[in-house]
Amino acid sequence: MPETIIIATIAVAVIGVICAVMLSVASKFMSVEVDERIPQVRACLPGANCGACGFAGCDGYAAALVDDPDLSITLCTPGGSTAAGNIGTVLGRSAGAVERMVAQVRCNGTCEATSTKMDYSGIEGCTAAKLVYGGAGSCVYGCIGLGDCVKVCPVDAIHIGGNLARVNPDVCIGCTQCVNVCPNDVIAMRPAQVHVVVDCNSHEKGAATRKHCTAGCIGCHMCERNCPTDAITVTDNLASIEYSKCIGCNKCVEVCPTDCLVSFSLAHVAAKTE
């Protein structure tokens with residue numbers, strides 16, 4: 001009996017040694033070399049893994065940057081100019097200017113401005129509510145207000161107030177996760193430093209918009225006609241701003257009959273005090 005145990009122990013030991021040698025040889029001859037710059041670039045990224053760069057997380061973007069010398073080093077929105085500058089140092093590239101982007105909820109349909117067309121009592125989520133006649137709100141273009149964006153925001157920059165999602169631009173990292181999850185495409189990215197925003201997403205004609213929301217854009221072209229720099233255009237019944245031309249004169253805000261054009265300073269104060 002003791003001899004059997006000894007033989008079995010020796011056999012297991014020999015097999016272990018053989019396997020160790022085989023693994024050692026395999027790790028040497030079958031290993032895949034990793035460019036030492038990949039972990040260095042990865043260390044420059046914030047680790048949000050949001051996918052805003054178009055790749056599967058920060059690891060994917062770091063590997064792609066090292067592999068493709070023509071790929072832009074400014075695609076990391078959360079990291080902004082700091083990340084781009086650090087990546088540029090590692091890879092020996094020039095980052096250039098990186099504009100910080102934040103999310104904006106293009107809707108001002110508060111309880112006072114709009115109404116509901118039904119009482120929704122289904123799954124608590126915007127995507128689910130959207131499947132039921134476009135949601136409970138009378139405006140099918142507006143914020144549904146059930147917080148899908150709140151759930152995916154990694155930094156708690158979004159909250160619901162007055163049945164509307166609101167973004168705190170000071171906290172937002174521009175990861176675009178809220179943009180991707182919104183079933184009504186109400187949320188869009190904009191430069192962090194802007195003067196005026198259009199708080200509407202409706203493409204209905206003026207009469208239809210007024211019927212559903214008193215704060216909606218009616219496509220009257222008043223803002224377009226009064227803008228001294230041609231920064232505003234009205235397309236498909238909705239005003240839009242070319243931020244590079246906007247000088248912050250607020251003339252569009254002053255003439256807007258429905259107050260859907262909002263001075264960023266005022267919107268910022270409102271978001272911080274809600």
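Analyst: The model is predicted, with an average pLDDT of 87 for the protein. pLDDT is the predictor's confidence in each residue, from 0 to 100. A score of at least 70 is reached by 93% of the residues. Local features here need pLDDT of at least 70, and side-chain atom pairs count only at pLDDT 80 or more, while totals for chains, interfaces and linings use all residues. Residues are numbered from 1 along each chain as its sequence is written, and side-chain values use heavy atoms, without hydrogens and water.

Strand 1 spans residues 101-105. Helices (H or I, at least four residues) and strands (E, at least two) are DSSP runs, numbered from the N terminus. Buried means under 20% relative accessible area, exposed means over 50%, and partly exposed lies in between (1.4 Å probe, protein chains only).

Strand 1 has a partner. It runs antiparallel to strand 4 (residues 187-191), and 5 bridges join them. Two strands pair if DSSP finds at least two bridges between them.

Now follow the chain onward. A loop lies between strand 1 and helix 5 (126-130), and Gly 122 is found there. Gly 122 is partly exposed, at 41% relative accessible area. Cys 107 is 15 residues from Gly 122 in sequence, yet their C-alpha atoms are 23 Å apart in space.
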